[in-house]
Each structure stands twice: as structure tokens, then as C-alpha cells.
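Subject: structure handover and notes

Hi,

Here is the structure I promised to pass on. Have a look at it first, then read my notes below.

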Amino acid sequence: MVPEYRNCIGGEWVAASSGDWIEVRNPADTDDVLGQVPASTVADVQAAIAAARAAFPAWAGLTPPERGRVLHRAANLLETQVDAWTSALTREEGKTRMESQREVVRSVELLRYFAGEAWRVGGDLLPADTPNTLLYSLRVPLGVCAIITPWNFPLSIPVWKIAPALVVGNTVVFKPASATPIMAIMLTRLLHEAGLPAGVLNIVTGAGGALGDALVTDAGIDAVSFTGSYSVGHALYQKTAPRLTRTHLEMGGKNPVIVAADADLDKAVQIVAAGGFGLTGQACTATSRVIVERPVLQAFTERLVATARNLKVGPGLSDGMQMGPAVSTGQRTTDLEYIEIARSEGAKVLAGGGAPEGSVYARGHFVQPTVLAGLTPNMRIAQEEVFGPVIGLLEAGDMEEALAIANNTSYGLSAGIITTDLRRAIRFAERAEAGMVKVNQGTVGASIQAPFGGFKNSGSGMFREMGKGAVEFFTKVKTVYIDGQ
Ligand code: NAP
């Protein structure tokens with residue numbers, strides 16, 4: 001019997017009104033059916049929006065600490081179930097057990113962080129122009145927020161959007177990625193177990209292409225928070241503009257790392273391999289272009305190739321695995337197609353370059369960790385996001401050239417440099433066109449308390465996620481003048 005996971009609309013756990021289901025399978029072993037989720041319809045989306053609207057006044061009417069307590073309880077519950085959630089996450093998304101565990105623990109921390117915001121959301125007390133006048137500003141919720149998420153962090157991205165949306169008093173309609181809907185339904189269930197009232201968080205699963213327009217253009221939606229690809233995000237922005245709906249987009253990346261001639265090469269290889277092959281390269285912040293100064297190009301390349309060839313690739317739940325499969329057959333095809341595009345553009349495959357062979361890989365979407373050399377800045381492989389374990393090497397004559405190559409992309413999410421020269425590090429931090437700059441650290445990874453988001457085509461840019469930015473996005477500012485005469 002295949003487990004059945006349902007939508008949650010107005011506190012009721014319901015099937016799709018179509019009666020149709022979508023099967024979810026393990027990307028490391030497609031014979032392993034994890035469950036089925038509703039193939040929702042536009043009518044289901046509309047019912048979820050209506051439920052969220054109905055729940056809004058009472059939820060917004062609670063004090064922030066009352067709302068924060070629900071998030072605290074959810075964090076405590078999740079913390080007692082880390083092992084079970086870790087396995088479930090790996091079975092659905094494919095990342096290694098260690099990577100899943102980090103994501104679950106981080107989600108506990110995100111819930112706690114945003115629960116704590118309950119005591120900090122406030123405003124400013126301002127000097128008044130007239131006597132006996134109280135002048136202050138305060139932050140109020142937006143209303144009903146549509147939250148649309150990708151599959152690559154199927155737990156932590158929904159948490160870092162939903163938790164701040166809820167704590168400041170919004171209600172939510174959540175449309176998770178179709179590759180990882182079970183994690184999303186488990187999160188919705190967890191928040192209800194923690195005491196969330198009916199209708200405050202509603203989830204509808206199903207194809208974004210079929211449901212997206214109905215969700216983001218509905219007059220009952222006051223804000224949209226989207227993370228995903230540039231193509232989907234860009235099209236979505238045109239749809240929310242006519243109603244002036246507040247919209248936040250976080251999108252793709254083509255993240256560079258510069259390896260300076262003075263770098264500690266062992267450290268550089270470790271940072272680049274973790275950034276490019278960790279999470280199977282399926283991170284918006286993954287390292288995909290490595291720009292190496294000529295004097296160290298050969299030595300760095302040899303060590304990176306050796307590291308790539310030695311990585312243990314396999315099912316994420318097996319012991320000792322360092323890299324799991326691609327999330328889907330579609331993503332694996334994209335990875336392999338980009339490797340072919342690179343070959344046809346003149347790049348050389350120094351490691352990997354295809355699907356690994358052997359019975360352990362027969363039923364999964366595996367791709368070899370791949371190192372490509374001889375890239376030039378304008379090749380497609382140096383410009384377009386792959387979202388797989390593919391690292392491309394580019395050569396630079398000096399720092400100026402390296403910086404120009406690093407910035408030569410339509411994306412601007414994360415950028416790194418490996419150097420022992422503080423002046424170079426500072427120059428890079430000043431000039432890198434990216435929302436996040438890393439010196440001697442991997443391009444992947446962001447602190448909960450720090451602003452996160454991309455420049456250029458990586459993000460809509462007006463707001464930031466995590467940190468204070470999350471509360472700013474999910475609230476609007478009201479200014480109050482009280483004359484006490
Ligand atoms: P995607 O194809 O753009 O999908 C993202 C979400 O949008 C999914 O829930 C998807 O639903 C939904 N969607 C699809 N078509 C839609 C439409 N017409 N209207 C509204 N929603 C629609 O991206 P993905 O493949 O899931 O994720 C990978 C991408 O996300 C990469 O580009 C990656 O760089 C980016 N990403 C960015 C960040 C960041 O913070 N900057 C973080 C993680 C990932 P379905 O799944 O049903 O299609």
C-alpha cells in the first residue's frame with residue numbers, strides 16, 4: 001500500500017478535487033515508491049486562498065509572542081525527530097545523510113530564530129513636531145502570502161519563508177516543488193501538531209505550471225515569495241506586477257571562485273570540491289566556475305581532478321557516501337546535456353563526464369562529479385546554470401582579469417576567492433557583483449541571522465531572506481500620529 005499524503009486546506013487533510021494523485025519516488029532507487037500526493041486543481045488553490053483569508057483576522061489578532069510559541073513548539077518537536085526526518089529527506093531529495101541532517105538541524109534553528117522575532121518585531125518611536133503628540137511606526141502583516149519553493153532544500157527553504165511569514169501575523173498558501181512534496185506536507189503537519197490554528201497554513205501540491213497563475217494572480221493574495229529558476233521567476237514577476245503584489249524572487253546562480261596565485265592550494269581544492277560537488281551541485285550557491293591564476297593552474301587542476309575521481313558517489317543513505325544522485329531523471333538529463341554542450345564548445349573533460357556504471361547506480365539518477373577545463377568566459381557552459389556536479393575551470397593572467405571573468409555573468413548570487421593576501425580579499429569583496437561574498441570559504445552556506453539574496457538575475461533584489469530582511473518582506477510599515485490634547 002503506497003502511503004497517501006494530503007493537502008491541508010482550512011485545517012482539513014484533503015485529496016485533490018480532481019481525485020488524481022502524483023507518485024513520488026526515491027531518486028537513488030526509482031523502484032522505491034515513497035508515496036502519492038494530490039494533483040491539485042485551480043479549485044483547490046482557490047479553496048486554500050479562501051481558507052487563508054478566513055483565518056487571517058484571528059491569527060493577526062494574536063500577540064507576536066503567542067504566534068512565536070507555535071514555532072518554538074515546532075522546533076522542539078522537530079529536534080526530537082531529527083533521525084527520521086533526515087532519512088525521509090534523503091529518500092525524497094537524494095542528498096547524503098550528512099547533508100540532510102544538516103538541513104534538518106538548520107530547520108530547527110530557523111524555527112527558533114524566527115520564533116524569537118516575535119519579541120523583536122516592533123517599530124520606531126519618533127520625535128513629534130507638535131507638543132503632546134505621540135509619533136511612532138509599527139510593522140503590520142501583509143495578509144495572505146503565497147509561498148512557492150524549489151526542491152533542493154525541501155525543508156529549510158520552506159521554513160525560512162513560512163516561519164517569518166507566520167510569526168508576524170500572515171496566513172499562508174504553500175505550493176512546494178513537485179519533486180519533494182512529502183517533506184513539505186510533513187512540515188505542514190508538524191506546525192499543526194505544534195498548535196497552528198486551522199487555515200493559517202494551507203498546502204496544495206501539484207504542477208507549478210498548472211497552478212502557478214491561479215495562485216499568484218488571485219485577488220486574495222497579498223504577497224508572493226518565490227525561490228526557483230530564473231525563467232519561472234521572471235515570468236511570475238510579470239504576473240504579479242499588474243496588481244502591484246509584493247513579490248520576492250530568489251533565483252539561480254553561476255557562482256565563481258577565484259583561486260589566487262598565492263592561495264593555499266589544498267584548502268582551495270577542498271573548498272571548491274565541497275562547493276561544486278556537495279549537494280550534487282544542486283545548490284543555488286554551488287561553485288560552478290573556478291577562475292585560476294595561471295601560475296597555479298596546473299597544480300590546482302591536478303589536485304581537483306584527483307579529488308573528483310575519488311569522491312564516493314551512491315545512494316545517500318548508504319554509509320560513507322559523499323555525493324548522492326540528481327533529484328530527477330530530468331535534472332540528470334540536463335546535467336549530461338550541459339557536459340555535451342561544453343564538449344562541443346571545446347572544453348576538455350578531465351574527470352567524470354557521464355553517468356557512473358555499476359549495479360548500485362542502475363535505478364538512480366546518478367551523474368559523475370565532473371571537471372571541465374579550457375572554458376572561455378562566453379561559452380554557454382560558463383554562462384548558464386547547470387544545477388549539477390559540474391565544475392568548469394577558466395584561466396586568468398592576473399587578478400584584474402580574474403575579477404572581470406567572475407563578474408561576466410547575468411547572475412550574481414555568491415562569489416568566492418581563495419587567497420592569503422588580505423588586500424586582494426578586500427578588493428574582491430568590494431568589486432564582486434554578488435549578494436554574498438566568501439573569502440576562504442565555500443560559496444554554499446549562509447548564516448540564518450545574515451541577509452541572503454542575489455544581485456542581477458539571481459534575485460528581485462529589493463528584499464533579503466533570513467535575518468532582519470525576512471521580517472521586512474513579510475510586513476508593511478504603518479505610521480501613527482496621536483495627539484493627546
Ligand atoms: P523551478 O522549476 O523554477 O520551480 C520552483 C517552484 O516554482 C516549484 O515549486 C515549481 O513547481 C514552481 N513553478 C513552476 N512553474 C510555475 C509557474 N508557472 N508559476 C508559479 N510557480 C511555478 O525551480 P526548481 O527546479 O524547483 O529549483 C531549482 C532552481 O531554484 C535553480 O535555478 C536554483 O538556482 C534555484 N534556487 C535558488 C535559490 C536561492 O535562494 N536563490 C535557492 C534554491 C534554489 P513544480 O515543481 O511543480 O514545477
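Whenever I say that residues touch, meet, pack or are in contact, I mean heavy atoms within 4.5 Å. With that cut-off, and leaving aside neighbours within four places in sequence, Asp335 is in contact with Ala326, Val367, Val386, Phe387, Gly388 and Pro389.

Before the rest, the ground rules. This is a predicted model, where local features need pLDDT of at least 70 and side-chain atom pairs count only at pLDDT 80 or more, while totals for chains, interfaces and linings use all residues. Residues are numbered from 1 along each chain as its sequence is written, and side-chain values use heavy atoms, with hydrogens and water left out.

Back to Asp335. This residue sits in helix 11 (residues 329–345); helices (H or I, at least four residues) and strands (E, at least two) are DSSP runs, numbered from the N terminus. Asp335 counts as buried because its relative accessibility is 0%. The cut-offs there are under 20% relative accessible area for buried, over 50% for exposed and partly exposed in between, with a 1.4 Å probe and protein chains only.

Gly275 in helix 9 (residues 265–277) is another buried one, with a relative accessible area of 3%. Beyond its neighbours within four places in sequence, Gly275 is in contact with Ala286, Thr287 and Val444.

Now the ligand. Which residues come nearest to it? Of the 29 residues around the ligand, those are Ser178, Gly208, Ser229, Met251 and Glu385, where a residue is near if one of its heavy atoms lies within 4 Å. Glu385 has a polar side-chain atom 2.6 Å from an oxygen atom of the ligand. On the backbone side, a polar atom of Gly206 is 3.4 Å from a ligand oxygen, and one of Ala177 is 3.5 Å from a ligand oxygen.

Helix 7 (residues 208–217) has Leu211, Gly212, Ala214, Leu215 and Val216 buried. Those residues pack against helix 1 (42–61), strand 7 (144–148), strand 8 (171–175), strand 10 and helix 8 (230–240).

Strand 10 (residues 223–227) also holds Thr227, which counts as buried at 10% relative accessibility. The Thr227 side chain makes a polar contact with the side chain of Lys161 at 2.8 Å. A polar contact is a pair of N or O atoms within 3.5 Å; within protein, one must be able to donate a hydrogen and the other to accept it, and residues adjacent in sequence count only if both atoms are side-chain atoms. Not counting residues up to four places away in sequence, Thr227 touches Ile148, Thr149, Pro150, Ile157, Lys161, Glu250 and Glu465.

How do helix 2 and helix 5 run relative to each other? The axes of helix 2 (residues 64–79) and helix 5 (residues 156–167) come within 9 Å and cross at roughly 150 degrees, and the two helices are therefore roughly antiparallel. Axes are lines fitted to C-alpha atoms, for helices over the stretch in contact, and angles run from 0 to 180 degrees between N-to-C directions. Angles under 35 degrees count as roughly parallel, over 145 as roughly antiparallel, 65 to 115 as roughly perpendicular and the rest as oblique. Pro64, Arg67, Gly68 and Leu71 in helix 2 meet Ala163, Leu166 and Val167 in helix 5.

Most residues other than glycine have a negative phi. Leu244, though not a glycine, has a positive phi of about 55 degrees; this residue lies in the loop between helix 8 and strand 11 (246–250) and counts as exposed at 77% relative accessibility. Met466 also has a positive phi, near 55 degrees. Its place is the loop between strand 20 (455–456) and helix 15 (467–473), and Met466 is buried, with a relative accessible area of 0%.

Cheers
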